[in-house]
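Please look through the structure below with the sequence at hand.

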Amino acid sequence: MDRYARWNALLEMLTDSGRVTVEEAAERLDVSQATIRRDFDQLAQQQMITRTRGGAVANGVSYDLPLRYKTAKHSAEKQRIGAAAAALVTPGTVVGLNGGTTSTEVARALAVRPDLNTSAEGAQLTVVTNALNIANELLVRSRMKVVVAGGVVRPKSFELVGPLGGALLREVTLDVALLGVDAIDPQLGAAAHHEGEAAMNNLMVARAKRVVIIADSSKLGGHAFARICPVDRVQTLVTDSGAAPEVVAAFRAAGVQVVCA
């Protein structure tokens with residue numbers, strides 16, 4: 001297990017329990033206590049955790065982990081979801097795509113589809129995004145038309161938020177918005193931990209003819225601080241095969257098409 005995978009695992013432990021000892025972490029990750037102490041010290045320097053005698057406790061920030069620490073969690077499921085969501089996109093359309101690890105997998109799947117890349121007639125796909133990493137994924141892997149909303153960068157997610165980006169989003173029309181979320185519930189709708197991200201995503205929803213939520217099964221039935229949109233605004237939910245049947249049934253009863261990748 002490399003350093004970043006260990007850090008991700010340690011942050012997830014702290015998110016779950018709030019407090020972890022060096023001895024406990026070393027045993028669970030099968031590494032030396034000296035390694036865990038160094039990891040805790042480095043995470044504390046980045047203000048991700050608070051160091052204690054013999055261990056560490058979670059800061060509030062660890063409930064909204066930076067994107068680079070989230071990539072290892074549910075990675076196989078997110079890749080399948082990304083491929084399934086990308087398959088819903090047809091050539092010649094305008095797609096809205098926000099940030100996050102699952103959205104990154106969607107972008108990668110879109111980028112390798114030859115029918116969506118530039119032809120003699122011009123760009124076969126236009127992607128509007130408020131995430132710098134999504135724009136980068138598409139620019140280095142494809143020749144699609146990429147439109148980036150302005151705003152202030154959130155270092156944790158690489159997403160641009162604020163009124164500058166909102167001004168652009170209000171002037172475009174999206175055929176489909178593919179949105180990663182922190183939680184989606186059949187009654188509460190889709191939500192994000194950060195209100196600025198939720199506001200930008202809400203604008204994408206308002207400008208989209210069709211809304212597709214992309215979320216692994218761990219996010220189904222959960223809740224987060226800021227609502228993106230009610231469930232009746234969502235046409236399709238793309239999730240993984242680990243979704244509980246009763247949860248899938250609840251979304252379908254609410255009128256949402258559910259695709260289990």
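In this predicted model, Met204 is buried, because its relative accessible area is 0%, and a residue counts as buried under 20%. Met204 belongs to helix 9, which covers residues 195–207. Which residues does Met204 touch, leaving aside those up to four places away in sequence? The contacts are Gly96, Leu97, Asn98, Val128, Thr129, Asn130, Leu169, Leu174, Ala177 and Leu179. Distance along the chain and distance in space can also be set side by side: Met204 and Val176 are 28 residues apart in sequence, and their C-alpha atoms are 9.0 Å apart in space.

Strand 4 spans residues 93–97 and is mostly covered, with four of its five residues buried. Strands of a sheet pair through backbone hydrogen bonds, in either a parallel or an antiparallel manner. Strand 4 runs parallel to strand 5 (residues 125–129), and five bridges join the two. Within this pairing, Val94 stands opposite Thr126 of strand 5. Strand 4 is also parallel to strand 9 (residues 176–180), to which three bridges join it. Here Gly96 has Ala177 of strand 9 as its bridge partner.

An open sheet of three strands has the order 10-11-13, with antiparallel pairing. Strand 10 (183–185) and strand 13 (226–229) stand at its edges with a single partner strand each, so one side of each has no neighbour in the sheet. On average, neighbouring strands of this sheet are turned by 35° against each other, direction ignored. Strand 10 pairs with strand 11 (residues 189–192) in the antiparallel sense over three bridges, and Ala183 stands opposite Ala191 in strand 11.

Helix 1 consists of 15 residues, 3–17, and reaches 21 Å from its first C-alpha to its last, close to the 21 Å expected at 1.5 Å a residue. Its buried residues are Arg6, Trp7, Asn8, Ala9, Leu10, Leu11, Glu12, Met13 and Leu14. Just after helix 1, Gly18 has a positive phi of about 85°.

How is one helix placed against another? Two packed helices are described by the angle between their axes and by the distance between the axes. The axes of helix 1 and helix 3 (residues 33–45) come within 11 Å and cross at roughly 75°. The two helices are therefore roughly perpendicular to each other. At their contact, Arg3, Arg6, Trp7, Leu10 and Leu11 of helix 1 meet Thr35, Ile36, Asp39, Phe40, Gln42 and Leu43 of helix 3. These residues divide into six nonpolar, two polar and three charged.

Another open sheet has three strands in the order 1-3-2, again with antiparallel pairing. Strand 1 (19–21) and strand 2 (49–52) are the edge strands, each pairing on one side only. From one strand to the next, the twist averages 25°. Strand 2 and strand 3 (residues 55–58) pair in the antiparallel sense over four bridges, and Ile49 has Ala58 of strand 3 as its bridge partner. Helix 1 packs on this sheet, touching strand 1, strand 2 and strand 3, and its direction makes about 130° with that of strand 1. Helix 2 (residues 22–29) likewise lies across strand 1, strand 2 and strand 3, running at about 80° to strand 1.

Technical notes: Residues numbered from 1 in each chain as written. Predicted model: local features only at pLDDT ≥ 70, side-chain atom pairs only at ≥ 80, totals over all residues. Heavy atoms only, no water. Expected span 1.5 Å × (residues − 1). Buried < 20%, exposed > 50% of the residue type's maximum accessible area, 1.4 Å probe, protein only. Axes fitted to C-alpha atoms, helices over the stretch in contact; angles between N-to-C directions. Parallel < 35°, antiparallel > 145°, perpendicular 65-115°, else oblique. Contact = heavy atoms within 4.5 Å. Nonpolar A, V, L, I, M, F, W, Y, C, P; charged D, E, K, R; others polar. Pairing = 2+ DSSP bridges.
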